[in-house]
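This report describes the domain arrangement, ligand surroundings and selected local features of one protein model. The sequence and structure are shown first.

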Amino acid sequence: MRRPNVTVLGGGSWGSAIASIAARNAPTLLWARDEATVADINERHVNSRYLDDLPLNPALRATNDLEHAIATADVLVLGVPSQACRGVLTEAAEHLRPWVPIVSLVKGLEQGSRLRITEVVRETLPGHPVGVLNGPNIAREIAAGYAAAATLAMPDQQQAESLQNLLRSTMFRVYTSTDVVGVEVAGALKNIFAIATGFGDGLEAGDNTRAMVITRSLRELSRLGVAMGGHEQTFSGLAGMGDLIATCTSPHSRNRRVGIRLAQGKTLPEIEAELKQVAEGVKSAPVVMELSREHGVEMPIAREVDAVLNHGQTAVRAYRGLLREAPEHEFHGDAW
Ligand SMILES: NC(=O)C1=CN([C@@H]2O[C@H](COP(=O)(O)OP(=O)(O)OC[C@H]3O[C@@H](n4cnc5c(N)ncnc54)[C@H](OP(=O)(O)O)[C@@H]3O)[C@@H](O)[C@H]2O)C=CC1
Ligand SMILES: O=C(CO)COP(=O)(O)O
């Protein structure tokens, strides 16, 4: 039987790392808008702009031609930042064959519509099965071949199992789930809490503070996730607790770095200019505050992150504000 053609949209760190894995299992084409990235991948088998000299699978091909990349796809993997998804998918729509399954790698929410990215896919490419792959997955570690795992959630378990085989390797374990909402919400929310953890680390608050923020963030993330329709157990899995641990502790996390630099007194434009990569939590924070109001879920930690990002609050005052709030029962109640 012919192996399915995989197309990955997005020539950044995560699109490249996943495309490199997929290229072991099936013919894989990466679409990137940047010509130098395409040449780098085709000629040198690296993506030096995003992953330095980490070797990519030589079987991986890259192209600038979106129409060709879409028209040849049997499976489409979406790896551009959240706010770019609608534009890219709208351009892709007329070229995609019917019923081609789509897997989102994106950990963000769309501003304005407040939609999850699989919902954006359903609006722009109606009729296609769509799911999400999330987990503790720092791209450069996976590209370097360190062991890691993620959860692939599709509405249909059988389809999750067939796609699982395309996106895994011996070092990258892909578990399956049918909880698309839970896996997707967890991936988007953890970035905001990584920024909060970064505040603490930037203020040199210590290990106990970091553990407190991560643990209480998990509760906050789970409460909104369940209110939005996710399953409680998903949030203690790879996409929830797993990714919170990785992102809130990794020196490679861009979201955590945003928090650290804000706490050190840098402005957001300065930090974004220095980062040159996406930190999804920045764009998702105001959306999460709107969702928390819509679903009636108190989110004190996310609220302070949004206040620092968008309302002139400082990281120090954010922490002081949080510490003034009286703790309640650990597992009941709305406090953080
Ligand atoms: N990096 C990681 O460790 C992980 C990231 N993710 C998620 O994956 C998604 C992609 O992130 P990541 O790969 O890290 O991002 P990067 O910042 O590494 O790269 C972003 C990529 O998207 C491209 N891009 C940006 N805007 C557009 C657009 N309008 N049209 C087409 N291409 C565009 C950029 O192109 P150009 O170079 O031309 O600017 C670049 O190739 C995010 O949602 C992220 O949260 C998930 C798991 C791990
Ligand atoms: O999603 C990630 C790890 O799982 C990457 O996190 P950052 O976007 O903060 O670098």
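## Ligand 1 between two domains

Ligand 1 lies between domain 1 (6-178) and domain 2 (182-324), because both domains give residues to its shell; the domain bounds come from an automatic or database domain assignment. The model is predicted: local features require pLDDT of at least 70 and side-chain atom pairs count only at pLDDT 80 or more, while totals for chains, interfaces and linings use all residues. Residues are numbered from 1 along each chain as its sequence is written, and chains are lettered from A and ligands numbered from 1 in the order in which they are written.

The shell around ligand 1 holds 27 residues, with Gly 12, Trp 14, Ala 84, Ala 139 and Gln 277 as the closest; a residue is near a molecule if its C-beta atom, placed from the backbone, lies within 6 Å of it. Helix H1 (13-25) and helix H5 (82-92) each contribute at least two residues to this shell, and the largest share, four residues, belongs to H5. Helices here are DSSP runs of H or I with at least four residues, strands are runs of E with at least two, and both are numbered from the N terminus. Twelve residues of the shell around ligand 1 are nonpolar, eleven polar and four charged. In this classification Ala, Val, Leu, Ile, Met, Phe, Trp, Tyr, Cys and Pro are nonpolar, Asp, Glu, Lys and Arg are charged, and the others, Gly among them, are polar.

The centres of domain 1 and domain 2, taken over C-alpha atoms, are 24 Å apart. Their contact takes 24 residues from domain 1 and 25 residues from domain 2; two residues are in contact if their C-beta atoms, placed from the backbone, lie within 7 Å. On the side of domain 1 that touches domain 2, H5, strand S6 (130-134), strand S7 (148-153) and strand S8 (172-177) each supply at least two residues. S7 gives the most to that side, with four residues. By class, that side has nine nonpolar, eleven polar and four charged residues.

## Ligand 2

Of the 13 residues around ligand 2, the nearest are Asn 137, Thr 247, Ser 253, Arg 254 and Asn 255. H9, helix H11 (238-249) and helix H12 (254-263) are the elements that give two or more residues to this shell, and H11 provides the largest share, three residues. The shell around ligand 2 comprises five nonpolar, five polar and three charged residues. Domain 1 and domain 2 each supply at least three residues to the shell around ligand 2.

## The annotated lysine

An unreviewed UniProt entry lists Lys 190 under "active site"; such positions follow the numbering used here, feature names are shortened, and annotations may be inferred rather than shown by experiment. Lys 190 is located in helix H9 (residues 180-202).

Lys 190 counts as buried because it has 34 C-beta neighbours inside 10 Å. The cut-off for buried is 20 or more other C-beta atoms within 10 Å of the residue's own, with exposed at 12 or fewer and partly exposed in between, C-beta atoms being placed from the backbone. Beyond its neighbours within four places in sequence, Lys 190 is in contact with Leu 221, Asp 243, Leu 244 and Thr 247.

## Strand S4 and its partners

Strand S4 (residues 75-78) is covered on both faces: Val 75 and Val 77 on one side, and Leu 76 and Leu 78 on the other, are all buried. Strand S1 (residues 6-9) runs parallel to S4 and is joined to it by four bridges; strands pair if DSSP finds at least two bridges between them. Three bridges join S4 to strand S5 (residues 102-104), also in parallel. Val 77 in S4 stands opposite Val 8, and its bridge partner in S5 is Val 103.
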